[in-house]
Every structure is written in C-alpha cells, then in structure tokens.
Amino acid sequence: MPVQEFDHFNAEAKAYQLIQECCIRDPRDLQDLEALAWQMKVYVETGGIRGCDGRLVRRGKHGIIRIRENIDEPGRRRFIIGHELGHWLLHSEESQVGLCTAEDMDADAQREYRHSRPELEASAFASELLMPSKMFRENAKALPEGVQGLQALAGLFSTSYTSTAVRMVDLLDEYDMMVIAGPNGVHWWRGRPNVRSLWCEKRQQIQPDSGAGRIFASGDKSFADEVPWDVWFPHVSVPVGQSIWEETVFFPNYGTTLSLLQFMDLE
Ligand SMILES: [Zn+2]
C-alpha cells in the first residue's frame with residue numbers, strides 16, 4: 001500500500017511552539033485541554049453536529065469546536081479537540097475545512113491518499129500536542145515495553161490506545177509496526193520510518209497462528225509471544241528463522257485487535 005508523503009513538519013512545529021508558549025513541561029500540564037483551547041479563544045461544545053466527530057466553526061477571532069455526543073472514550077475526545085485546534089492554527093486561510101469524520105481523526109495514523117492534506121496536518125498536530133515527542137520518549141524509558149507500556153503511556157497522556165501505539169511506532173526504536181485488525185482481516189497498519197518498505201495487504205487475512213488470530217479464536221483479551229514471520233508477512237520473504245515478537249490486545253467494544261510487532265534479530 002502506498003504511503004502518502006506530506007510535509008508534517010509545519011504541523012508538528014506549530015504544536016511544539018504552543019507547548020513552549022504555554023510552559024507545558026509534563027503530561028499533567030496537558031490534562032485540561034479545554035482550558036488550553038480557551039486560552040486560544042476557542043471554546044469546546046458537545047453536540048449540535050451529525051455525521052462527523054468534530055467541527056471547527058470560526059467567528060472572527062473566536063472559534064467553536066463542536067464534538068459529537070456519545071464519544072465515550074476520553075482519549076478519543078481529546079484527540080478530536082487537538083485535531084480541531086490544528087485546523088484553527090494551521091488552516092485559517094482555507095475557505096472551508098469540512099466536517100471531520102472518524103476516519104479523518106486517524107488520517108495521520110493511516111496516511112492514505114484518500115485523506116486530504118488539511119486532515120493529515122490537523123491529525124499530525126494533534127499527535128504532537130497530546131504526546132509531545134521529547135516528553136513521550138522520556139516517559140517511555142521508565143515504563144515497561146509492549147502492551148503494558150502502551151497502557152501506561154495511554155494513561156499518562158490520557159490518549160487512546162490507537163493514537164498512543166502510532167506514537168510508539170513513530171518515536172520508539174523498539175517497535176517496528178502496529179496493526180489494527182478485525183476477524184475479517186487487517187484494517188490498517190503503521191510501520192516505523194525505516195521499515196515502511198514493509199506492508200500488510202489491505203484486508204489481509206488474519207492467520208490463525210498470529211496473536212490476533214488466536215485472540216479471535218479464543219476470546220482471550222491479550223497475547224504476547226514469538227510468532228513466525230509469515231503469519232504477518234507471507235508476501236515478503238526474509239532469511240529463514242526470522243520471527244516476530246507480537247503483543248496484541250483485544251478491544252471488545254470494537255471487535256478489533258491492536259498488535260505491536262517487533263522483528264526479532266536472528267541468532
Ligand atoms: Zn479535520
């Protein structure tokens with residue numbers, strides 16, 4: 001699957017600048033995101049929109065972020081606020097930023113051609129704002145690896161497991177790929193920069209011997225073990241004996257799994 005190249009430097013730089021201006025030094029300083037928005041003259045309201053997760057309305061020097069009702073996951077709600085603040089700071093010249101769908105919120109994570117440039121930029125901004133690179137790396141060092149680390153980081157930054165896992169793959173050298181899958185196949189994946197020549201096929205079948213496959217078969221909540229290379233990459237040949245350390249967690253509300261893959265060194 002091709003990866004859309006886009007210049008996210010400016011989006012991340014704007015988030016970095018905001019963090020510096022607001023003297024944010026610790027994940028706890030990021031907890032009250034609505035107060036941060038208020039400092040920017042942007043007010044957050046719940047409800048009043050349909051067919052999308054969030055929308056930014058401009059009223060002169062003020063902005064209103066509307067968020068869909070019934071978004072149960074606090075991390076998801078925070079990402080929407082971050083995404084709309086990205087539009088506020090980055091896209092004041094755009095004639096109309098459209099309604100931001102759930103897919104748009106994952107735009108930076110998936111980086112597919114179907115997402116427009118403003119959506120990719122707004123989500124890149126949100127990732128850097130909610131999980132600033134330097135702060136994320138420093139905190140990750142003191143935490144366990146794998147799914148335990150994912151849960152701890154998501155708790156620390158009050159972010160969703162999905163957006164946190166994307167950040168782990170982007171920023172921490174230990175992780176090579178994260179994959180979101182359902183019983184009918186791979187939904188999407190993200191590889192770290194130096195393994196982006198590797199890919200999962202769209203709707204790639206979930207192999208029974210993968211951790212995700214075992215979870216779908218057994219109903220277990222999590223999995224952590226070594227698996228053969230070809231349960232995830234049957235279409236990419238590698239030296240005999242190459243294997244993968246897979247840690248997978250199940251999301252019962254969505255019926256999906258999130259897998260963190262680490263390619264193991266050959267002995
Ligand atoms: Zn958007």
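Reply: Gly149 lies in helix α8, which spans residues 146–157. In this predicted model, the residue counts as buried, because 22 C-beta neighbours fall inside 10 Å and the cut-off for burial is 20 or more. Leaving aside residues up to four places away in sequence, Gly149 touches Ala140, Leu143 and Pro144. Ala165 is 16 residues from Gly149 along the chain, and the C-alpha atoms of the two are separated by 9.6 Å.

Elsewhere in the model, a helix pair can be described. Helix α3 (residues 74–90) and helix α6 (residues 117–130) have axes that come within 7 Å and cross at roughly 120°. The two helices are therefore oblique to each other, and their crossing is right-handed. On the α3 side, the contact is made by Arg78, Phe79, Gly82, His83, Leu85, Gly86, His87 and Leu90; α6 contributes Pro118, Glu121, Ala122, Ser123, Phe125, Ala126, Leu129 and Leu130. By residue class, this contact divides into nine nonpolar, five polar and two charged residues.

As to confidence, the protein averages a pLDDT of 90, and 92% of the residues score at least 70. Among the elements of the protein, helix α10 (residues 211–218) has the highest mean pLDDT, 98, whereas helix α5 (residues 107–110) has the lowest, 70. Where pLDDT is low, predicted coordinates should not be read in detail.

How values were computed. Residues are numbered from 1 along each chain as its sequence is written. This is a predicted model: local features need pLDDT of at least 70, side-chain atom pairs count only at pLDDT 80 or more; totals for chains, interfaces and linings use all residues. Axes are lines fitted to C-alpha atoms, for helices over the stretch in contact, and angles run from 0 to 180 degrees between N-to-C directions. Helices (H or I, at least four residues) and strands (E, at least two) are DSSP runs, numbered from the N terminus. Angles under 35 degrees count as roughly parallel, over 145 as roughly antiparallel, 65 to 115 as roughly perpendicular and the rest as oblique. A crossing is left-handed if the near helix is turned anticlockwise from the far one by less than a right angle, and right-handed if clockwise. Two residues are in contact if their C-beta atoms, placed from the backbone, lie within 7 Å. Ala, Val, Leu, Ile, Met, Phe, Trp, Tyr, Cys and Pro count as nonpolar, Asp, Glu, Lys and Arg as charged, and the others, Gly among them, as polar. pLDDT is the predictor's confidence in each residue, from 0 to 100. A residue is buried if 20 or more other C-beta atoms lie within 10 Å of its own, exposed if 12 or fewer, and partly exposed in between; C-beta atoms are placed from the backbone.
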